[in-house]
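Q: Please take a close look at one part of this model: the contacts between its parts. Walk me through them in one connected answer.

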Amino acid sequence: MLNSKIPAGQLDLKWTDYKGHCKLVNPANKRKLEVIIVGTGLAGASAAASLGELGYKVKAFCFQDSPRRAHSIAAQGGINAAKNYQNDGDSVFRLFYDTIKGGDYRAREANVHRLAEVSANIIDQCVAQGVPLAREYGGLLSNRSFGGTQVQRTFYAAGQTGQQLLIGAYQALERQVALGNVTMYTRHEMLDVVLIKDKDKAGNEVGEAKCRGIVVRNLITGELERHFGHAVLLCSGGYGNVFYLSTNAMGSNVTAAWKAHRKGAYFGNPCYTQIHPTCIPVSGDHQSKLTLMSESLRNDGRIWVPKKQGDNRKPNEIPEEERDYYLERRYPAFGNLVPRDVASRAAKERCDAGYGVGSSKQAVYLDYANAIERYGKIECGKLGISNPSAEVIRKHGLDVVKEKYGNLFDMYEKITGENPYEVPMRIYPAVHYTMGGLWVDYELMTTVPGLYALGEANFSDHGANRLGASALMQGLADGYFVIPYTIGNYLADEISTKAISLDHPEFVKTEKDVRDRIEKLMNIKGSQSVESFHKRLGKIMWDKCGMARNEKGLQEAIVEIQQLKKEFWSDVRIPGGISEMNPELDKANRVADFIELGELMCKDALNRKESCGGHFREESQTDEGEAARNDAQFSYVSAWEFKGESDWQLHPEALNFEVAKPTQRSYK
Amino acid sequence: MEHYNMNLTLKVWRQKSSKEQGRFETYQVSDISSEMSFLEMIDVLNERLIKEGKDPIAFDHDCREGICGACSMYINGRPHGPWQANTTCQLHMRAYKDGDTIVVEPWRANSFPVIKDLVVDRTAFDRIVQAGGYISVNTGNAVDANAMLIEKDKADAAFAAAACIGCGACVAACKNSSAMLFLSAKVSHLALLPQGEPERKSRVLNMVQQMDKEGFGSCTFTEACEAVCPKEISVTNISRLNKEYIIAGLTEEK
Ligand SMILES: Cc1cc2nc3c(=O)[nH]c(=O)nc-3n(C[C@H](O)[C@H](O)[C@H](O)COP(=O)(O)OP(=O)(O)OC[C@H]3O[C@@H](n4cnc5c(N)ncnc54)[C@H](O)[C@@H]3O)c2cc1C
Ligand code: SF4
Ligand code: FES
């Protein structure tokens, strides 16, 4: 039933073949075709710019006051590309293989191979746009390594890679705005998609309903607007905020994807969540979000806890031999650079066993003392300083570490008030990324014709666990290099479709449904704030559908979420009015969708009775406590169809591995 | 680091919409932890206002880690509050002590009209970028990224300018409401790189023209902008901008 539209033929020729044979739209016709893009992060901005350049009429939407503020801006560490500039044995195949393996053999080979193929073009494109990626003294681009790989293929701009890449895409987007090819709508939130069937010559409806537009709320005036498009692209980001606390921005939400899901787009692998190992720990109940400390810090930092349980000494007072560098101990081959899921679980294991540090005991140390000394010695060597004192070594080492990671260290100090050059940082895992998302085929189309999903909003390339520096790569691959081809294959058949009137009954009805729901929310006039519901949802999800999951907990969570949903719809309190700027109403719309998504995530986690990547079922582990996959039963993508409230049907998409044969992942 | 709790008096600018007059409201907040961020303190106040059936304070924010440029509060007469190289969302309450009074206003500038409470309209910045803040290269036309060598110093300087988050604190701090620091950061970022060379002259002329059209004031080099810029964008960028502008003006071929 599910058709992933993967081209036939040899893995490494599929994309080339596809490009050579897909349908094209001639320039005169492109001008008549309208494309709606929801979201202006890396995926949306790159798609909007590229499609605008091609001549399509593009309308782009974001809920922030400027497209430049999309959450992609916060990405720190870097972006992967199979350039092999370091001559360390990298290749398209190796990037493909690392990504499939890192994803614990739960991603499609064809998609991942395409991603690896276009990765090199992304770096070329960004540099041409003037993105100031880090360079060596010789003027060449610099690379660093990231978790889950043994080559240096990560390009970066200090700790602000996402910012610089997004500004590049944003500038390309604004250029198209200036040229009149893209119309930008900021402070607009998409609240539903509009599906309309084609009509034949006699005026009878034919075929499946296609996505033909969206209904949005102007967040300044509160007005609802209808917008038509021959196709709609959702580039609305991930849904990590279902956990309330995450490294995502406060506004990141699932609403766009969820509305599409309720209208027929299947949701893929909702339970695959990435918990990032290195985040600043929670400091109290007031906590509104969590801050990531880039994975790149694991390049040089060493992670440890005391060997003694409940050790209350200050970290600097604990001698070397009483420290447990548990990642280096358990995974000698990859050490501190194991993939994120492995590192996160190992931290949780130590803390649960009573070895945690800091006042909450829910933290481990990330220590730079060693790196400062190591770099200091290298610098002294370069400068020809013989027999340098410890102080001189330290001074030179500090300079190097400052240059490489200064902004991250500053951020840590601002938040915690502690100086990480002097004392080791305290870190703990936090929700960071969602591998799940709208199910899409090879062309990035959802199960609704004409409705596409790009970037973190789709489920496509990372399987059950994403490797570091691969999300930026995927977002830009989708927007710059995939959708410009695949959308033509659809729109080529739409050239005779005239713009549909905004008075079409489906537009009118969809807007009315959105209005009714908003009025319903406002009329509850209950006693509890939106935030308090969101916090409670987050706690259920973190406790029962977080780093470790089991059958009993998931079943409980489903019941608790259903109760929470009832309570929300009878007791939420939203101040203010509808026809005005009302951030509480915006939040309520989003939290209502998160609650429904939470239930589906638990259902998906319950169904998947295996451990894989970020999904760890306690019932399915090896003797050493590692995640145990069950390929015989679960080598599939879970695509869920919405049937009604709390009612979903599973459509498994079988995964075939022709080239990267699944093995138990080992980083030992 | 010792943690403590405090009680504070807040005077916050409240304005229902761009059409209505605004005024200060005074609020007492108690039991604020020194570990909270400034915005978490406002969250606490807003939760209370909602419980009391009042309108919570509207403010822009998103990433809450100092990179998106959304947050924008003018705190005790200084954009983003008392800390150096810092955004409002990164300011933490350990900057204050029990009994303090804190005045919170929106950015004040004619080119940044207030939308509601502490939320202002900064779309003028996007329009300045539209006037030329880019390199005209379509997707798919790029040569190999290492085909062009760029001196590390130049690349680093371009990066330092490109680090601007478009928050608008520079405008809010300036008595003339000038946007020169913001503009100079973009012009410098692109002028320092070889990729930016072909459009170097038209870019600076068009962007300056747009800035003037948006009604931002002129720069009298008080350097108030640099002092509050969360990304420490240097005023040397303004000098570079002036130079670029003069050369472009003198050599422009009409
Ligand atoms: C702190 C942090 C650090 C990271 N670091 C890295 C890294 O170093 N390397 C890496 O590869 N990845 C990293 N990631 C992951 C990566 O940044 C994201 O996965 C990626 O940027 C997502 O891009 P996107 O374009 O899909 O979505 P986003 O950038 O999240 O953009 C979403 C867009 O959709 C819009 N939107 C959403 N809903 C609606 C709606 N209903 N109506 C209208 N508009 C809407 C928003 O306004 C926004 O414009 C990091 C993530 C975080 C949280
Ligand atoms: S120059 Fe500094 S203060 Fe001005 S917008 Fe950029 S980051 Fe903000
Ligand atoms: S909220 Fe993003 S910079 Fe402050």
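A: **Contacts between the domains and between the chains**

Glu626(A) and Arg330(A) form a salt bridge, with 3.1 Å between their closest N and O atoms. The model is predicted. Across the interface of domain 1 and domain 2 of chain A, the rule finds 1 salt bridge. Polar contacts between these two domains come to 4 residue pairs, both residues at pLDDT 80 or more.

Which elements supply the domain 1 side? On the side of domain 1 of chain A that touches domain 2 of chain A, α10 (340-352) and β15 (425-434) of chain A each supply at least two residues. The largest share comes from α10(A), with 4 residues. By class, the residues of this side split into 4 nonpolar, 1 polar and 5 charged.

Now the domains themselves. Domain 1 of chain A spans 278-431, and domain 2 of chain A spans 515-634. Their C-alpha centres lie 32 Å apart. Domain 1 of chain A brings 10 residues to the contact, and domain 2 of chain A brings 10 residues.

The buried area between domain 1 and domain 2 of chain A is about 790 Å². Carbon and sulfur atoms give 59% of that area. Three residues stand out on the domain 1 side: Asp341(A), Arg345(A) and Lys348(A). They supply 51% of the area that domain 1 of chain A buries against domain 2 of chain A.

Next, the contact between the chains. Chain A contributes 76 residues and chain B contributes 74 residues. The area buried between chain A and chain B is about 6100 Å². Here carbon and sulfur atoms give 52%.

How many salt bridges does the rule find across the interface of chain A and chain B? It finds 7. In a salt bridge, the side chain of Lys152(B) meets that of Glu403(A), at 3.3 Å from N to O. Polar contacts across the interface of chain A and chain B number 43 residue pairs, both residues at pLDDT 80 or more.

Helices feature on the chain A side. Each of these supplies at least two residues of the side of chain A that touches chain B: α3 (42-54), α5 (109-128), α6 (161-178), α12 (390-416), α13 (471-491) and α17 (583-607) of chain A. The most comes from α6(A), which gives 9 residues to that side. The side of chain A that touches chain B divides into 30 nonpolar, 27 polar and 19 charged residues.

Note on methods:
Residues are numbered from 1 along each chain as its sequence is written. Chains are lettered from A and ligands numbered from 1 in the order in which they are written. This is a predicted model: local features need pLDDT of at least 70, side-chain atom pairs count only at pLDDT 80 or more; totals for chains, interfaces and linings use all residues. Side-chain values use heavy atoms; hydrogens and water are left out. Contact means heavy atoms within 4.5 Å. Buried area is the accessible area (1.4 Å probe) that two parts lose on being put together, summed over both. A salt bridge is a side-chain nitrogen of Lys or Arg within 4 Å of a carboxyl oxygen of Asp or Glu. A polar contact is a pair of N or O atoms within 3.5 Å; within protein, one must be able to donate a hydrogen and the other to accept it, and residues adjacent in sequence count only if both atoms are side-chain atoms. Ala, Val, Leu, Ile, Met, Phe, Trp, Tyr, Cys and Pro count as nonpolar, Asp, Glu, Lys and Arg as charged, and the others, Gly among them, as polar. Domain bounds come from an automatic or database domain assignment.
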